[in-house]
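Trainee: I would like to learn how to read a model like this one. Please take me through it feature by feature.

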Amino acid sequence: DGGRMSSDGGVILVKQADDILGLSRRFAACFRDKRHPGFVEYRVEDLVRQRIMGLALGYEDLNDHDALRHDPVMGLASGRLSGGRANCAALAGKSTLNRLERSGQQADRYCRIIADHEALATLFVTLFMDQHERAPARIVLDVDATDDRIHGHQEGRAFHGYYGHNCYLPLYIFCGDHLLSATLRTADRDPGKE
């Protein structure tokens with residue numbers, strides 16, 4: 001009964017880091033938007049920023065965004081305090097964000113935002129190189145697969161004996177603290193396949 005309140009004040013620090021790195025802007029540039037401009041309420045950059053902010057705050061499920069879309073601090077961090085049209089929330093809900101995350105190789109009836117996978121892969125390496133004045137003479141790569149637990153009946157779910165639950169088994173490649181690559185994979189494959 002306290003009105004429009006939020007417990008997510010830390011998102012302001014995440015926004016400042018995002019503004020310095022330009023991560024949301026650069027990440028959004030890796031997508032092609034095939035939606036009709038007259039019907040677009042949330043730009044791709046808005047969707048990407050909202051998703052990054054939510055993940056940074058520990059809201060990994062898209063369902064969380066149905067409540068977060070009304071959070072005033074999330075709106076402030078995303079640069080949207082109100083919707084552009086009547087009856088629109090300041091931020092996108094789970095269905096809109098799902099269409100971004102489901103983006104495939106080409107537009108279809110339901111997914112009109114297309115990910116450029118080559119540009120996304122290049123972005124991770126570019127972000128790594130931006131942290132160095134000149135290219136390092138030697139790098140050590142840490143290649144690791146780890147579990148991403150699944151709650152429900154998502155496509156591609158599989159039980160993994162080592163982790164003892166249904167999960168995906170994404171493959172990550174790090175160089176020091178820098179993520180160079182992340183590949184979502186099902187848990188029913190050899191961890192070293194790629």
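Trainee: In which sense do strand β7 and strand β8 pair, and over how many bridges?

Mentor: Start with the terms. Helices (H or I, at least four residues) and strands (E, at least two) are DSSP runs, numbered from the N terminus. Two strands pair if DSSP finds at least two bridges between them. Here β7 (residues 171-175) and β8 (residues 178-183) pair in the antiparallel sense, over five bridges. Leu-171 stands opposite Thr-183 in β8. Two residues lie between the strands of this hairpin, and Gly-176 takes a positive phi near 65°.

Trainee: What should I know about the model and its numbering?

Mentor: This is a predicted model, in which local features need pLDDT of at least 70, side-chain atom pairs count only at pLDDT 80 or more, and totals for chains, interfaces and linings use all residues. Residues are numbered from 1 along each chain as its sequence is written, and side-chain values use heavy atoms, with hydrogens and water left out.

Trainee: How many helices and strands does the chain have?

Mentor: Seven helices and eight strands. The C-alpha trace spans about 50 × 45 × 40 Å along its principal axes. Of the 194 residues, 31% count as buried (under 20% relative accessible area; exposed is over 50%, partly exposed in between; 1.4 Å probe, protein chains only).

Trainee: What is the strand order in the open sheet of three strands?

Mentor: The order is β4-β6-β5, with antiparallel pairing. β4 (148-149) and β5 (158-160) stand at the edges, each with a single partner strand, so one side of each has no neighbour in the sheet. β5 pairs with β6 (residues 165-168) over three bridges, in the antiparallel sense. His-160 has His-165 in β6 as its bridge partner.

Trainee: How many aromatic pairs does a search of the whole structure find?

Mentor: General idea: a pair of aromatic rings is described by the distance of the centres and the angle of the planes. Rings of Phe, Tyr and Trp (its six-membered ring) pair if their centres lie within 6.5 Å; planes under 30 degrees apart count as stacked, over 60 as edge-to-face and the rest as tilted. The search finds three pairs. One of them joins Tyr-162 and Tyr-163, edge-to-face, at 5.0 Å centre to centre and 85° between the planes.

Trainee: Why does Tyr-162 count as exposed, and why does Tyr-163 count as partly exposed?

Mentor: Read the relative accessibility. Tyr-162 counts as exposed because its value is 70%. Tyr-163 counts as partly exposed because its value is 26%.

Trainee: Where is Asp-33 found, and which residues does Asp-33 touch?

Mentor: Asp-33 is in strand β1 (residues 31-33). Asp-33 is partly exposed, at 35% relative accessible area. Contact means heavy atoms within 4.5 Å. Not counting residues up to four places away in sequence, Asp-33 touches Val-44, Arg-112 and Ile-113.

Trainee: Which side chain makes a polar contact with the side chain of Asp-33?

Mentor: A polar contact is a pair of N or O atoms within 3.5 Å; within protein, one must be able to donate a hydrogen and the other to accept it, and residues adjacent in sequence count only if both atoms are side-chain atoms. The partner is the side chain of Arg-35, at 2.8 Å. Arg-35 is in the loop between β1 and α3 (44-56). The Arg-35 side chain also reaches the backbone oxygen of Tyr-42, at 2.9 Å.
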